[in-house]
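Please look over the sequence and the model shown below.

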Protein chains: 2
Amino acid sequence: MGVIDDVRLTPLSIIPGESGDIMHALKQQEISFHGFGEAYFSTVQYRAVKGWKKHSRMILNLIVPSGGIRFVLYDDRPLSKTYRNIMELELSKKNYQRLTVPPGVWMAFQGMSAEVNMLLNIASIPHDPAEAENMSVKNELIPYSGF
Amino acid sequence: MGVIDDVRLTPLSIIPGESGDIMHALKQQEISFHGFGEAYFSTVQYRAVKGWKKHSRMILNLIVPSGGIRFVLYDDRPLSKTYRNIMELELSKKNYQRLTVPPGVWMAFQGMSAEVNMLLNIASIPHDPAEAENMSVKNELIPYSGF
């Protein structure tokens, strides 16, 4: 369903070992790193949806180490080359990539597995409700009906 | 089994929601934050042990969002007030705390649950094999026989 400018997908390594795996998330030297504000986990139940949410300053770096999560993004930046584009993808340990989301893009996500669906967000700034907007799953703005 | 100087345990919040939880990990402003070098996950199978390992520069910030992990630490800093102390603890979503480990302390950890035992390390510097030492589970140095 198309792409969105400045949204970056970066394949990550999983290094298997005898006792368990090492799963990369983010390094300081990588181009997706825009400063460390806060790291937190968010879990989402099977079939449940969290969102929509849009940040005015925070850059998100999202990794899914457990379960599967479907992300839907909507470009709400009038000056963007991809204004009003929708982008949809699913991340999991099987499709182990980092999703970098710039400010000005709405995001919602849905739990896709009966296991624990968990994301880690390594956010560029600490949580600040003043820089985030929320909208309900069904709304007049975003032309997405897949939830 | 005692404590080790500069090792910090910080209780973390889990904020339940209708569709899932938010689980805090680390904020820039917290006293445990010593710079962002790299974030990675490490999984450890039920009853398996990873370690021992000691860093000369990296400060670890460890969070266990899934399963249960037992950590054993051994203070190998001759000038430390707690030189040769052993510290043992288990982290999980039920005992949801962040473990901060300074350089000079040996660490090993063990998977304690049949689910996925997973830690997140938010490390102060990127991975660098030159600043880490490894030792096998059974060794002459560390007076610990619990594995």
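In this predicted model, B:Met118, B:Leu120 and B:Ile122 point one way from β11(B), B:Leu119, B:Asn121 and B:Ala123 point the other way, and all are buried. Here a residue is buried if 20 or more other C-beta atoms, placed from the backbone, lie within 10 Å of its own; with 12 or fewer it is exposed, and in between it is partly exposed. Strands (E, at least two residues) and helices (H or I, at least four) are DSSP runs numbered from the N terminus. In a regular strand, side chains alternate between the two faces of the sheet. Because six of the six residues of β11(B), residues 118–123, are buried, this strand is largely enclosed by the rest of the structure.

As for conventions, residues are numbered from 1 along each chain as its sequence is written, while chains are lettered from A and ligands numbered from 1 in the order in which they are written. Local features need pLDDT of at least 70 and side-chain atom pairs count only at pLDDT 80 or more, whereas totals for chains, interfaces and linings use all residues.

Which strands pair with β11(B)? Six bridges join β4(B) to β11(B), and the two run antiparallel; two strands pair if DSSP finds at least two bridges between them. In this pairing B:Thr43 stands opposite B:Met118. β6(B), residues 60–66, is also antiparallel to β11(B), over three bridges, and B:Ile63 stands opposite B:Leu120.

Pairing also crosses between the chains. β3(A) is joined by five bridges to β4(B), residues 38–43, in the antiparallel sense, with A:Lys27 opposite B:Glu38. In total, 31 residues of chain A are in contact with 31 residues of chain B, contact meaning C-beta atoms, placed from the backbone, within 7 Å. On the side of chain A that touches chain B, β3, β4, β5, β6 and β11 each supply at least two residues.

Finally, chain A as a whole has zero helices and twelve strands. Buried residues make up 41% of its 147 residues.

Key:
Contact = placed C-beta atoms within 7 Å.
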